[in-house]
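Morning, everyone. Please bring up the model on your screens. I want to talk about disulfides today.

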Amino acid sequence: MPPFGAPPPPKKSNVGKIIGIIALVVVLLCAVCGIFGWKKISDIFASSSANAKVGDCLAGDSISDNTANDVSVKIVKCDAADAKYKVIGIKGGVTRTEALKDETTVCDAYTDAKYVLWQGSGTTGDALCLDDAK
């Protein structure tokens, strides 16, 4: 207790504690959002048809004729209701022109192949030889 007539001691400021708590909350929120955001991004890349392997199934846009490359498809479980195609073979080093011509022969080695999906960003890519999933 201060002596009689002395001014009371100044109150300690809580501004530092408040700023520290706010900073901690912001850091925790950023960390949580980063973890969930990374999970979502990695899921998107993992389900990309560019990662498809023989035996995988694909869902998405329909392939209107027997060959396509401007369709959006993703890997799904083969028992999924939206599974449309099953990868029965993959032929690498195929040009887009070769894969997408009307009478393409790139998937002739796979007798059940009904569709060809070409994927690539350069002059050559992969031809996914597809059958109906069901």
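Is Cys-78 buried, partly exposed or exposed? Cys-78 is partly exposed, at 33% relative accessible area. Keep in mind that this is a predicted model.

Now the bonding. We have two disulfides in this structure. Counting bonded cysteines along the chain, the pattern is 1-2, 3-4.

Start with the pair that holds Cys-78. Its partner is Cys-57, and the S to S distance is 2.0 Å. The angle about the S-S bond is 100 degrees, so the link of Cys-57 and Cys-78 is right-handed.

What does this pair tie together? Cys-57 sits in strand S1, residues 57–60. Cys-78 sits in the loop between strand S3 (73–76) and strand S4 (85–95). The bond therefore ties together parts that are 21 residues apart in sequence. Cys-57 has 0% relative accessibility, so Cys-57 counts as buried. Cys-78, again, is partly exposed.

On to the other pair. Cys-107 is bonded to Cys-129, with 1.8 Å from S to S. Which hand does this link have? The link of Cys-107 and Cys-129 is left-handed, with -80 degrees about the S-S bond. Distant parts of the chain are linked here, with the two cysteines 22 residues apart. Cys-107 is in the loop between helix H2 (96–100) and strand S5 (115–119). Cys-129 is in strand S6, residues 124–132. Both Cys-107 and Cys-129 are buried.

To recap: the link of Cys-57 and Cys-78 is right-handed, and the link of Cys-107 and Cys-129 is left-handed.

Notes:
Residues numbered from 1 in each chain as written. Predicted model: local features only at pLDDT ≥ 70, side-chain atom pairs only at ≥ 80, totals over all residues. Heavy atoms only, no water. Disulfide = S-S within 2.5 Å. Helix = DSSP H or I, 4+ residues; strand = E, 2+ residues; numbered from the N terminus. Buried < 20%, exposed > 50% of the residue type's maximum accessible area, 1.4 Å probe, protein only.
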